[in-house]
Amino acid sequence: MAAGYRRGGECAVDEWTDIVAVAAGNVHTATNTGRSHTVGLRADGSVAATGWNEHGQCDVDIWSDVVAVSAGWRRTLGVRGDGAVLALGSNEEGQCDVEGWSDVSATACGDWHSVGLRRDGAVLAAGNNRYGQCDVEGWSDVVAVGAGCLHTVGLREDGTVVAAGWNRLGQCDVEDWSRVTAVAAGSRHTVALLTDGTVRAIGDNRDKQCNVQSWRRIVAIAAGSGHTLGLRDDGRVLAAGRNEYGQCDVGSWRAIRMP
């Protein structure tokens with residue numbers, strides 16, 4: 001199911017089947033953006049993509065043995081079963097320079113940088129580093145990563161969170177967070193799911209994307225450019241934030257489940 005901006009075909013997922021994971025091209029809202037794409041990982045390790053494809057970010061038909069996917073602005077990343085990483089799309093800032101990465105279990109895409117989580121808990125990054133968003137070399141014991149427009153977040157196995165990058169709106173002020181089980185990064189905000197099913201968010205809140213304090217019984221989270229989503233344990237989806245394209249119109253969704 002998909003909701004939101006659809007002029008580029010990014011919501012044309014009605015005929016997809018056997019999908020076990022999805023990724024949406026998180027595009028920072030600006031005058032030169034708007035088009036994006038959507039990626040789906042099938043159970044057999046093949047990948048589907050739909051939407052804006054000017055940079056070849058949807059040319060994933062030949063991929064196989066993929067176990068994880070992520071999507072950024074004009075870019076798609078795929079993790080293979082052997083830990084290698086595939087990349088398609090724009091590489092103006094070196095964000096697709098991942099051919100040397102190995103032993104990777106997951107990836108995340110910012111607007112101009114890419115992040116890889118290694119199986120040993122170390123983190124890799126490639127692309128634009130103007131604000132230090134790629135300064136993750138010293139991170140360890142990380143079990144999940146997220147990437148915003150100009151910042152990177154990592155969840156440690158002890159439930160604490162680390163962050164690097166642009167912090168003018170406080171999106172990296174996560175040093176006191178604990179009991180976290182999942183993290184997500186929007187363009188300029190950071191979201192955390194806690195062990196008790198509640199959600200925290202910090203950073204840009206101009207569109208009320210951080211107004212998640214009342215959420216309960218959440219089992220998964222996601223963050224877009226200016227909105228936040230939470231999946232409840234009953235299969236319903238909650239949304240907060242920017243909704244000019246209907247991206248938060250998920251109130252009728254039912255029976256949504258974790259992969």
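Analyst: A residue is called buried under 20% relative accessible area, exposed over 50%, and partly exposed in between, with a 1.4 Å probe and protein chains only. The model is predicted, and local features need pLDDT of at least 70, side-chain atom pairs count only at pLDDT 80 or more, and totals for chains, interfaces and linings use all residues. Residues are numbered from 1 along each chain as its sequence is written, and side-chain values use heavy atoms, with hydrogens and water left out.

The setting comes before the detail. The protein has 18 strands and 0 helices; these are DSSP runs numbered from the N terminus, at least two residues of E for a strand and at least four of H or I for a helix. Its radius of gyration is 17 Å, close to the 18 Å that the globule rule gives for 259 residues, so the protein is as compact as a globular protein of that length. That radius is taken over C-alpha atoms, and the rule is 2.2 Å times the number of residues to the power 0.38. Of the 259 residues, 51% are buried.

Side chains of opposite charge can pair when their charged atoms come close. A salt bridge here is a side-chain nitrogen of Lys or Arg within 4 Å of a carboxyl oxygen of Asp or Glu. The search of the whole structure finds 9 of them.

One of these joins the side chains of Asp-204 and Arg-206, with 2.9 Å from N to O.

Attention now turns to Asp-234, which is partly exposed at 34% relative accessibility. Asp-234 forms a salt bridge with Arg-217, and their closest N and O atoms are 3.8 Å apart. This pair links distant parts of the chain, 17 residues apart: Asp-234 lies in the loop between β17 (227–232) and β18 (237–241), and Arg-217 in the loop between β15 (199–203) and β16 (218–223). Arg-217 is itself partly exposed, with a relative accessible area of 43%.

Asp-234 also forms a salt bridge with Arg-232, where the closest N and O atoms are 2.4 Å apart. Arg-232 counts as partly exposed, at 22% relative accessibility.
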